[in-house]
Amino acid sequence: MKIHEYQAKLILDEYNVPTPKGHVARSVQEAVQAAEDIGSWPVVVKAQVHAGGRGKAGGVKLAKSIDEVKSAAETILGLVIKGIKVRQLLVEPGIDIKTEIYLGIILDRASKGPVIMASREGGVEIEEVAKETPEKILKLKVPPTIGLRGYHCNVVAEFLEIPADARKPFAAVLKGLVQAFLDKDCSLAEINPLVLTGSGHVIACDAKMNFDDNALPWHQEIEALRDDGEDEPLEVEAREKKLNYVKLDGEIGCIVNGAGLAMCTMDVVKHFGGRPANFLDIGGGAKASQVADALKLITSDKTVNTIFFNVFGGIVRCDMVASGILSALESLPGFDYPIVIRLSGTNEEQAKKLLENAPVHLAKNMEEGAQMAVKISKERASA
Ligand code: GDP
Ligand code: MN
């Protein structure tokens, strides 16, 4: 799960990471009010969207007067950044930037734990630096058994050439960031840029935090920060219906029981030259209401032209799934998408009998099912 910069800064604030004291604004008028409340110039007006690279997209502007705040707020509230419409602004006192540093903690699969990433090339997109000049990035493991120690802070500060007078506040920021990452079950916690000011202060100028969705049941305070307006609408709907759905760009809507089989189904569709429209794991149950929800969800994506059910009956029996599909279709009159069904496993024969006269294409196995779905989808696309 992602949150906004202003929300990440409020969390960092709890961990004693210095952040500018900003205000959220949802209109030009509120932005002007925020600037007046700040009472010093310049202020910075920043788009709050779940996307990076806002600066490049024109979503971060310095303003030195009320008029400039007005025009900055007007412009930014009209922007669409990486497909997301800007609905909120953060207005903050401007920072006197001397040095911009990149500081991030990620969960690293290779080393199976949190890794600190740090670079003097702050402000810009770190992916670029990683690609062009990887030697400019320090990667340092946080040992899970002993956590972050003073000497880790020294190593990072040394690499970043932090001046002597800023070492203490820098170490405090690093400790705060790591602790926030661990406490909140982040998958990423990033300050880019972390700013060294002309007067020797260390301030988080930007902040980004992503969280492990599977840890959210332990973090009601994070769940409360969710902003559905930023997410893919179909994925929001799926979450409400407890369907495990990820939207993709293709034409073949896949409905599968089990996450592994769902991954595999996408591969097989792709292998036979088709394009999956989604990942969808309807889980072990496959009740009629669930199947109907899945069919509705998938077909509200207008790119979809074919449905492919790939079900392996184990604990959930194939005949149960088949009757689930039949009653789902009954509950959706006028549903006219071609449906390919592959059912294997427990009670497969009974399931096939049930579906004998149904308006669906039965496949012998997964390969055949995928091929049938791809063929039908292509015919429909060229029709
Ligand atoms: P991002 O582009 O989405 O990562 O947004 P950032 O919050 O990182 O801002 C982009 C850039 O705008 C920063 O790297 C800074 O160079 C600049 N910037 C942001 N806030 C301030 C500020 O308060 N003062 C000054 N001088 N520049 C700022
Ligand atoms: Mn940034």
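At what angle do the axes of helix H11 and helix H12 cross, and within what distance do they come? In this predicted model, the axes of H11 (residues 318–330) and H12 (residues 348–355) cross at roughly 20° and come within 7 Å. Angles under 35 degrees count as roughly parallel, and the two helices are therefore roughly parallel to each other. The crossing in which H11 passes H12 is right-handed. On the H11 side, the contact is formed by Cys318, Asp319, Ala322, Ser323 and Leu326, which meet Glu348, Gln350, Ala351, Leu354 and Leu355 of H12. By class, six nonpolar, two polar and two charged residues take part in this contact.

Asn347 lies in the loop between strand S17 (339–345) and H12. Its phi is near 60°, a positive value in a residue other than glycine. With a relative accessibility of 24%, Asn347 counts as partly exposed. Lys82, in the loop between strand S4 (80–81) and strand S5 (84–85), also has a positive phi, near 45°. Lys82 counts as exposed, at 59% relative accessibility. Most residues other than glycine have a negative phi, and most peptide bonds are trans.

Two cis peptide bonds are described here, one of them between Trp41 and Pro42, with omega about -5°. Pro42 is placed in the loop between helix H2 (28–38) and strand S2 (43–47). The peptide bond from Asn192 to Pro193 is likewise cis, with omega near 10°, and Pro193 is found in strand S10.

Asn192 belongs to strand S10 (residues 186–197) and Asp206 to the loop between strand S11 (202–204) and strand S12 (208–211), so the pair ties together parts that are 14 residues apart in sequence. Both Asn192 and Asp206 are buried.

Gly260 is located in helix H9 (residues 259–271) and, at 53% relative accessibility, counts as exposed. The C-alpha atoms of Gly260 and Asp281 are 8.7 Å apart in space, with the two residues 21 apart in sequence.

As for the chain as a whole, it has 13 helices and 18 strands. Its C-alpha atoms fill a box of roughly 80 × 50 × 40 Å along the principal axes. Of the 383 residues in the chain, 49% are buried. Among contacts with a separation of 6 or more, 67% are between residues 24 or more positions apart.

Note on methods. Residues are numbered from 1 along each chain as its sequence is written. Chains are lettered from A and ligands numbered from 1 in the order in which they are written. This is a predicted model: local features need pLDDT of at least 70, side-chain atom pairs count only at pLDDT 80 or more; totals for chains, interfaces and linings use all residues. Side-chain values use heavy atoms; hydrogens and water are left out. Axes are lines fitted to C-alpha atoms, for helices over the stretch in contact, and angles run from 0 to 180 degrees between N-to-C directions. Helices (H or I, at least four residues) and strands (E, at least two) are DSSP runs, numbered from the N terminus. Angles under 35 degrees count as roughly parallel, over 145 as roughly antiparallel, 65 to 115 as roughly perpendicular and the rest as oblique. A crossing is left-handed if the near helix is turned anticlockwise from the far one by less than a right angle, and right-handed if clockwise. Contact means heavy atoms within 4.5 Å. Ala, Val, Leu, Ile, Met, Phe, Trp, Tyr, Cys and Pro count as nonpolar, Asp, Glu, Lys and Arg as charged, and the others, Gly among them, as polar. Buried means under 20% relative accessible area, exposed over 50%, partly exposed in between (1.4 Å probe, protein chains only).
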